[in-house]
Amino acid sequence: MNYKLKKMFFIAMMFASSVIFAQQTVTGTVLDADGPLPGANVLVKGSNNGTMTDFDGKFTLNNVSSDAILVITYIGYLRKETQVNGQFTINVTLLEDVNALDEVVIVGYGKQSRAVVTGAVSQINADQISELPVSRADQALQGRASGVTVINNGSPGSPPVIRIRGLGTVNSNQPLTVIDGVVGANLGDLNANDIESISILKDASTAAIYGALGANGVIVVTTKKGKGGALKLNFNTWVGVQSQNKRYDLLNTDEYVQYAREFGQLQDPVAVPVRITDPQYASYLNTNTDWQDEIFQTGFQQNYNISASGGNENSNYLMSLGYLEQDGIIKATDYSRVNFRANSDFTYGKFKLGESFSVSFNDNVGYPTGGRSQLEHAIKMAPYFEVYNASNLGGYQGPTSGLDNQDAENPVRGLEFGNRNFGSENLLGNLYASYELIEGLTLKTQGGINYTNSLYEQFIPSYIDNENDGGGQHQQLFASITKNTTKFESYSWTNSLDYVKTFNESHNLNVLLVGEVQNNTYKEVRASSTNDVSDEINQLTLNNASLTSRSTEYTRQGYLARVNYDYDNKYIFAASIRADASSRFGKDSRWGTFPSVALGWNVAKEEFLINSSISNLKLRGSWGVTGNDAIGDYRYSSSLTSNYNYPFGANEALGVGTTATGPADSTLKWEETSMTNIGVDLGFLNNSLNFAFEYYKNKSDDLLMNEPLPPSMIIHNNSVTRNIGSVETSGFEMVIGYNDYEGDFTWGVNFNMGTSKNEVLNLGATEAIFGGGFENQNITRTIVGEPMFHFYGYETDGIFQTQGEIDSYATQNNVAPGDIRFKDTNEDGVIDADDRTIIGNPFPDFTFGLSTNAKYKNFDFSMFWSGMTGNEIYNTNIYDLEGMTRLFNSGTAVLNRWTGEGTSNTVPRAFGAPSNVNVSDRFVEDGSFARLKNLSIGYKIPLSSDVVSKLRIYISGQNLITISDYSGLDAEIGFFNPNNQNNGSMGIDRGNYPTPKTYTVGLQMSF
């Protein structure tokens, strides 16, 4: 018996020892594409045996069986399982989960899990932003989010046009930008490499929490923070070239001479230019200058960024330094920027302290945006001129009215002679402190600063572009000096109480209370003078001196209460109410109240869908009100204008006096926009396949508009700002994406699109708002019942071929055969101003973005398209190319102009009726386009170094292909002056700076 017991005991011990010996200790490192991941979870599948990685991404796990499976997870990354298979060291690389339901989404004054977001929010991550080598971070938004229209301007450093869900007001439609909690910051001053994510808030559920400022949508930017672990260095650089090879087909010298002879004969035989008929100028006719080639160039650009980050369990930090330099594709246009950023966070028990500060120094030589663009001058200049003439003061050559019968200006001199520079220093930062009062309840205070100091300097020496014996044309007999300084200061202070609690493991509650105040001041000094003595001294004098200054102050105060609740991430409720006061309104009307409410139902969490192929199905809806006070300061009060001329006495001699600028209106109040949004989110195959659909309807009331006043009131502005009118905007958005991130070959494709349509419902006593002037004609109009700022003019109906056609047609005065025939749209038998009608819309009906990406082992590929349809462009360049009102160089189309019956039904006769250049559909073209925005191929070089953890090289091209029927140089038309984004001038091509093609090579390194 004792023998049997001993035997059984021996067998049991052998079995136990085999189990013990089957256990082992496993070590390893968890990484992502950029290096170690601290805080990743490592768990033995089916057990409670787990750990977390340290600050170097390393882990140690004891008592692991040789056949165990390790499960590695990290928020925002795809879960990964790996077999132990007796290994003692296991290194794992996690891939980002771009469609993770538990993705953290940045919203106003906080963040939420994607699973419980009920509003319309588009999120753009750091990789999507840094993928494009752009000079401004806001340019990278184009095509990345549904319902967001971004139209880039080609001029270096110029801000793009950004519209979220179309137009909702006749005032500024620029969205609000919030960077690290600082409201009203400038995204263009930010280094794109410093951005962690961008959230675009599009509906009231998300935007109403900014109350007074959220009517046009909100762009919330979060910059990168340091991660725990050892010091990590990142270095990114790219260099490239830009070019624009498209040109208008203009007359060469031989063609121009023949055209000028024929044109001159039409006016008067002696009107043929003397320079063509007089033999002493024969040498000029041997010159054939392509003025377009003379103003365009190949531009070089370079960008360098270095960052250092690290931390421990109580702190983290990140510092970065960047330098950007970009030469434009038009001569003497360039942009450079230096950025420095420092972010840090510190934790001491329940107390947290952090800061985010950035400084940037910008220098910009922009595209001149005076009366005529340099491209217009390049079109009009006679080709028989040389660019330079050392005999002329200043060294340039131009026309002489007595010799050339024209006054085009040498565009090269307009670009490169003298200097014009806009420089600014910008500081953006915030400092916060928070303390957890009790479990779940946190008190936070934050101070923000947004400071800009800028100086515009222009110095133009004296010049004479033409021979003195031909009469002065383009000349300046003195040096002109301009120096304008501006200073903008914005200070904000925000205090909040944030309570987060989960009850019974299913009831999730978040209550937020916020109070904040913001004060903005703006100061400007403008000075100019001349110097009759020297062309070398760029300093102001008392000669012809002009000096003006102004300053304004704007204060906003607001209070917010928000409640978010969900039951097990299944049934979701959110509500907020905000009260704001603005100094732009009188004391009795300063406060406005802006509520919002949202509901959501995560159907995929219901029992009947848990085991189905549907991994996500969320229904959501929201409603709320946002506000707008985007008008000038002090409009509610009366003001005075000096230097006003009054007629006095029997001879009505002018005397200088003072008059009222505008009357007071103490009832002026908030413009309000009510927003309704309905959305559906749908996911399949563990959310590899995703759909999102939104429908929205926004209605803006009490529009802040200028109402005309009768001249008898003797008011300088002839108008007063009042709350009149309303506009309704509606549309839908859709996002479709498929992403496969399993295996050596991974790929994804994502498509987004959005539509927008607006209608003016009321303009009060104002019958119409006109804008978009060119050659003393208004091009755009806004009236009740139609979209805002549509093109308004005549519809053409071919060309009159004979006098008989003119006699049998509706009465059209002052025309002859060869002139354009306009349609009698009101059928009253007379062609007049009443026949003008809608001839186009500059705003797109449909915008889209399509991105594809793929990776195979160490190779990666990405392609990104963006575009829009349904918009038209008013091409004023056709006026210059085919107008033929005066003698200028023109497009080759004038060679096929009407010269007799049947010769042309599209290009009228030269020197024809003035009505030939009336605003009409002759100048309107389809502005739809699709553009290959970026194509990139990269390779991550395998490394065995303990110092360099990542080394990737890539090549990319931007704007390589553009599909468009537009005849101009570029279908992506924003504003002629990007710094003055008046919607009345949208879509008018006045020789706008075209978007270049760019070829880039880059390097990314991590240490």
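These notebook entries record what I looked up in a predicted model of one protein.

**Entry 1. Overall dimensions**

I began with the secondary structure and found 11 helices and 56 strands. I then took the radius of gyration, which is 33 Å; the globule rule gives 30 Å for 1007 residues, and the two values are close, so the protein is as compact as a globular protein of that length. The C-alpha trace spans about 140 × 65 × 65 Å along its principal axes. For the accessible surface I noted about 43800 Å², with 54% of it belonging to carbon and sulfur atoms. Buried residues account for 53% of the 1007 residues. I also looked at contacts between residues at least 6 apart in sequence: 68% of these join residues at least 24 apart.

**Entry 2. The nonpolar cores**

I next asked which residues have the most contacts inside the largest nonpolar core. They are Tyr256 and Tyr259, in a core of 43 residues. Helices H4 (253–267), H6 (291–295), H7 (374–380) and H9 (411–416) are the elements that give two or more residues to this core. The largest share, five residues, comes from H4.

I listed the neighbours of Tyr256, leaving out residues up to four places away in sequence. Tyr256 touches Leu251, Ala382, Pro383, Tyr384 and Gln406, and also Leu887, Phe888 and Asn889. Apart from this core lies another, of 27 residues, which includes Val121, Val218, Tyr554 and Trp670. I recall that nonpolar side chains tend to be buried together in soluble globular proteins.

**Entry 3. A mixed sheet of five strands**

I traced an open sheet with the strand order E11-E16-E17-E14-E15 and mixed pairing.

**Entry 4. A hairpin**

I then examined strand E9 (residues 104–107) and strand E10 (residues 110–113), which pair in the antiparallel sense over four bridges. Val107 has Gly110 of E10 as its bridge partner. Two residues lie between the strands of this hairpin, and Tyr109 takes a positive phi near 60 degrees.

**Entry 5. An antiparallel sheet of four strands**

A further open sheet has the order E42-E43-E44-E47, and its pairing is antiparallel. Strand E42 (769–771) and strand E47 (837–840) are its edge strands, each pairing on one side only. On average, neighbouring strands of the sheet are turned by 50 degrees against each other, direction ignored. His790 in E44 is the bridge partner of Arg781.

**Entry 6. Lys933**

Is Lys933 buried or exposed? Its relative accessibility is 6%, which is under the 20% limit, and Lys933 therefore counts as buried. Lys933 lies in strand E52 (residues 929–940). Not counting residues up to four places away in sequence, I found that Lys933 touches Leu132, Gln142, Asn152, Phe864, Trp865, Ser866, Gly957, Gln958, Asn959 and Glu972. I also took the C-alpha to C-alpha distance from Lys933 to Tyr954: the two are 16 Å apart in space and 21 residues apart in sequence.

Note on methods:
Residues numbered from 1 in each chain as written. Predicted model: local features only at pLDDT ≥ 70, side-chain atom pairs only at ≥ 80, totals over all residues. Heavy atoms only, no water. Pairing = 2+ DSSP bridges. Buried < 20%, exposed > 50% of the residue type's maximum accessible area, 1.4 Å probe, protein only. Contact = heavy atoms within 4.5 Å. Core = buried A, V, L, I, M, F, W, Y, C linked by side-chain atoms within 4.5 Å. Rg over C-alpha atoms; globule rule 2.2 N^0.38 Å. Areas by Shrake-Rupley, 256 points an atom, 1.4 Å probe, with all protein chains shown as cover. Axes fitted to C-alpha atoms, helices over the stretch in contact; angles between N-to-C directions.
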